[in-house]
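These are my notebook entries on one structure. I set down what I looked up, entry by entry.

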2 protein chains.
Amino acid sequence: MIKRFLHPFTVLLALLFPGIVFAQQTEKIDTAIVSKIKDEGMNRSKVMDILSMLTDIHGPRLTNSPGYKKAADYAKSSLESWGVQNVHFDTWEEDFGRGWQLKKFSLQNLGPVYFPVIAYPKAWTPGVKGAVAAEAVYLDIKKEEDLNQYKGKLKGKIVLFSLPTPVKPGFKPDATRLNDSTLLQMSNADISESFGGRRFQAPTEPQRLAYLKWDLCQKEGAIAVLEASPSARLEDGTVTVSAATVPYPAETPFSKRVSSYKANAPKILPQVVVAAEHYNRMVRQIQKGQTVKLELTLETEFTPSAPGYNVIGEIQGTDLKDEVVMIGAHLDSWHSGTGTTDNAAGSAVMMEAMRILKSLGVTPKRTIRIGLWGGEEQGLLGSKSYVKRTYGERLDKAFPYDSIQLKPGAEKFSVYLNMDNGTGKFRGVYLQGNDKVRPIFRNWMKPFNKMGASTLTLQNTGGTDHLSFDAIGLPGFQFIQDPIEYSTRTHHTSMDLYDKAVEPDLKHNATMIAVFAWMAANRDELIPRK
Amino acid sequence: MIKRFLHPFTVLLALLFPGIVFAQQTEKIDTAIVSKIKDEGMNRSKVMDILSMLTDIHGPRLTNSPGYKKAADYAKSSLESWGVQNVHFDTWEEDFGRGWQLKKFSLQNLGPVYFPVIAYPKAWTPGVKGAVAAEAVYLDIKKEEDLNQYKGKLKGKIVLFSLPTPVKPGFKPDATRLNDSTLLQMSNADISESFGGRRFQAPTEPQRLAYLKWDLCQKEGAIAVLEASPSARLEDGTVTVSAATVPYPAETPFSKRVSSYKANAPKILPQVVVAAEHYNRMVRQIQKGQTVKLELTLETEFTPSAPGYNVIGEIQGTDLKDEVVMIGAHLDSWHSGTGTTDNAAGSAVMMEAMRILKSLGVTPKRTIRIGLWGGEEQGLLGSKSYVKRTYGERLDKAFPYDSIQLKPGAEKFSVYLNMDNGTGKFRGVYLQGNDKVRPIFRNWMKPFNKMGASTLTLQNTGGTDHLSFDAIGLPGFQFIQDPIEYSTRTHHTSMDLYDKAVEPDLKHNATMIAVFAWMAANRDELIPRK
């Protein structure tokens, strides 16, 4: 792209439209600053220390839980210790709901053959009192008529709720890096517009049946519900688990459903997800006529309903200090691991980028702000609230850009850079359909080309906090990351632990964020919008 | 190899030495029987039912444990129900030692951040009384002088004994099948003679240090010892665990050491292996100055010392019924999974082969005997005892074949076929240096060539019960198996569970064993010896 401008035709073009060439020339790299950033980020990195504090010591960080609070305190004091200014908890406008943490958990198969069961409770599940021993009943329901045979048989029982999860040998590696052909495909791809948000669809038969099963368990007075860790990804005792299910008839619109973290959530049964191999074993034991007796210890703690909060801090700019470049990642996590790749990795990278920038000893023209968001896992709640209060909102979700009401601050906003796809190295940027930033990012990435980051794709990427900015037309981007083990092993699982982080990749990413933030803060113009 | 005999030179050779060609011609395949065996084995297989009974219902099967007894009872009654004759428990000549089983286990990290720890006790570890809460101490010892700092500091503590285990992303698949280039290498390989048995080597510095660490923990009065699941294979919460360590000074010869299953074993500390990711987290917590408090529940049961026993049964032959073809696998297992791929898979395949052979409605010329061995994991004890009592022994282990004293039964012994390398499909046979069986096995394998089994390698394979036969010069073989996830994921681990078995592979193997056994039982000659 850049090289093409040296073509003779380009020179002619430049004479006719000098502005075009000028726009390109402003993206010159400040090589002295880049060298300093790289030196600090690669040779004196603190990213793994930060990561360990966010995970080993303060993780997991379920939104509004005591762990989240401790991690937020740690982030605040760390940012302050590096000289980041105005660090504060940014409270959302309304109650998020309750915090929750696990106090004690154990699931034991007492026999006929004893074995300790690999399992993890869902977040916001209620507990049971003491160690409760009960017979396991397998709910072998494939159609509505099958429900009848369980009437009168679930009281005081622990229910194996789901069908067994098929387990297959791992012929594909858990971890991969993007190869050239995938990157080329991305590079050549056209934009694929898609806006987040769950659309209501006609309920399917499995959804209808699922509600009837939940309803049966509750009405019959089961003690607890066990489900197999879901299939199609990873097994080997790894448990994929998120929030407790609040059963609703399939017809109920999402807007009428109350999540398990809300203070007004309906009473639900204790819910535990079991490793596929152990769940399947129990099903086979029962199917072979064995009486399986389980002992469940499940002590959970709810904290009072309260507003959620983000951690915000900034490096104040000089002559353009009212204009803002923002970097961020969500600080909250799920609860069965320590939320390392989702998303202490992103938080640590952004904190480390701020530390690197403060270490430079020079002040950027624009203000560089960090946002560590809460409630991402419950629907980008923290970033949405921040954007709404600070920059504006989309009044009608059905009409993406027609109903945007911006606040004055939005005019001074340049760009938001987010990370939330695991531990993998940045290999490029998703342009979210904004082709105008292509030459800019192309130039900023040059110092990282030899390290494997060079691909720009028009494609959108979704599912995380840059969408909150993108939704009101502000430039918000995520990076193309090597997948490593994110979708196969760590995303929302009990194995999302510190050891799954890849140190060189996180150093690379923090350095690259620092360079991008610096460039955005010091270029002549704001980042162009779509 | 077979094709070469059709070469003109071969015809000349045949005229000069007709016996050679005759030997080839006797290996004709009885295609009617092969078809029947394949039909029964592929279309009416019971191998997965047998496997589930040996694992889900009666597993794990630690030697002499109640689980082993239940599995042996099940194997005996199943074989009997299929018409297998003389099924009996074959008791070894001397005491094995104690049985052991886990009654209850839970390891909880009480904080400062609560999490349930993925871990598994070593076999034959003693337990602790009730739920014991204690502080964790990390024994950060890299050289002898480091020991001093822990004196007076381990009493009443739970010790993190090992260094952390490095965890790396899984860029290689867990599961593989052998490709042509590997098979070709094996096919072209020369014999690599190697006899089993541990040779005493000069103690290394790490071994010396390990003993000093154990000694320190015991003398100081630690409550229990935790070790990280070892590295270089698998992680993701999978725990590799075998027998409890009885610490001896590195200089003590193996012959003077008493294993933890022996009634006269020295008193040892309770020992637990922790998943690498969780162990490493605790080490980092401690290294960051946190006081880690653990709660250990570890209730174990020892059964009285007693002789070990195998399960033996047979299909009695007709005119050559005094001659014996034997198939077998070890029935015992480690204890943290259900011993599925090590080695319920082999046991189920051999039992299924017997069932298939009984289903044919015809009787073989020679007797076909099955041996399901105990004590394999403690040193091939069951098969060694059986071979010694039945066929003879090698009096001096230093002189492999010079000191063999055979019993009369050995003359009537044809061949022993074993399976003990996981769930993977048979791709060929290790000839154990016996080139004379090459043309025989080449022919027997023909009905399985299209299914991927066609490779013969002169190479030895070791580590399991065919060595007990091979050690006294009797033909004993194992098959080349697809590795699937054996060395990466299931071997001696908490993930050695039923779902790791691959049904088509086990059907293939049972069918192939039935064909090989039938062919061996009905050919004119015994299988030639080395």
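**Entry 1. A polar contact between chains**

I looked up Asn280(B) and found that a polar contact of 3.1 Å joins its side chain to that of Asp499(A). A polar contact is a pair of N or O atoms within 3.5 Å; within protein, one must be able to donate a hydrogen and the other to accept it, and residues adjacent in sequence count only if both atoms are side-chain atoms. The model is predicted, so I note that local features need pLDDT of at least 70 and side-chain atom pairs count only at pLDDT 80 or more, while totals for chains, interfaces and linings use all residues. Residues are numbered from 1 along each chain as its sequence is written, chains are lettered from A and ligands numbered from 1 in the order in which they are written, and side-chain values use heavy atoms, with hydrogens and water left out.

Asn280(B) is found in helix H8 (residues 276-287) of chain B. Helices (H or I, at least four residues) and strands (E, at least two) are DSSP runs, numbered from the N terminus. Is Asn280(B) buried or exposed? Its relative accessible area is 3%, so Asn280(B) is buried. Buried means under 20% relative accessible area, exposed over 50%, and partly exposed in between (1.4 Å probe, protein chains only). Leaving out residues up to four places away in sequence, I found that Asn280(B) touches Asp499(A), Pro164(B), Thr165(B) and Val167(B). Contact means heavy atoms within 4.5 Å.

**Entry 2. The relation of the two chains**

I next asked how the chains are related. Two copies of a chain are related by a rotation about an axis and a shift along it. Here a rotation of 180° with 0.0 Å of shift along its axis superposes chain A on chain B, with an RMSD of 0.0 Å. This is the relation of a two-fold axis. The same surface serves both copies, as 98% of the contact residues of chain A recur in chain B. Copies are superposed by least squares on the C-alpha atoms of residues with pLDDT of at least 70 in both. Which residue of chain A comes closest to the rotation axis? I found Pro173(A), whose C-alpha is at 1.9 Å.

**Entry 3. Strand S1 of chain B and its partners**

I followed strand S1 (residues 85-111) of chain B, which pairs with strand S8 (residues 293-315) of chain B in the antiparallel sense over 18 bridges. Two strands pair if DSSP finds at least two bridges between them. Asp90(B) has Asn310(B) as its bridge partner in S8(B). S1(B) also pairs in the antiparallel sense with strand S2 (residues 115-116) of chain B, over two bridges. The bridge partner of Asn109(B) in S2(B) is Phe115(B). A hairpin through three residues joins S1(B) to S2(B).

**Entry 4. Aromatic rings**

Rings of Phe, Tyr and Trp (its six-membered ring) pair if their centres lie within 6.5 Å; planes under 30 degrees apart count as stacked, over 60 as edge-to-face and the rest as tilted. Phe96(A) lies in strand S1 (residues 85-111) of chain A and Trp124(A) in the loop between strand S3 (119-121) and strand S4 (131-138), 28 residues apart. Both Phe96(A) and Trp124(A) are buried.

I also noted a cluster in which ring pairs link Trp373(A), Tyr386(A), Tyr391(A), Phe413(A), Tyr416(A) and Phe469(A). Turning to charges, I found Arg281(A) over the face of Phe115(A), at 4.4 Å from the ring centre. Lys38(A) lies over the face of Phe448(A), at 5.2 Å from the ring centre. A charge sits over a ring if NZ of Lys or CZ of Arg is within 6 Å of the ring centre and within 35 degrees of the ring normal.

**Entry 5. Further buried places**

I looked up Val225(A), which is in strand S6 (residues 224-228) of chain A. Val225(A) counts as buried, at 0% relative accessibility. Its C-alpha atom is separated by 6.1 Å from that of Phe161(A), 64 residues apart along the chain.

Why is helix H11 (residues 438-445) of chain B described as largely enclosed by the rest of the structure? Seven of its eight residues are buried, including Phe441(B) and Trp444(B).
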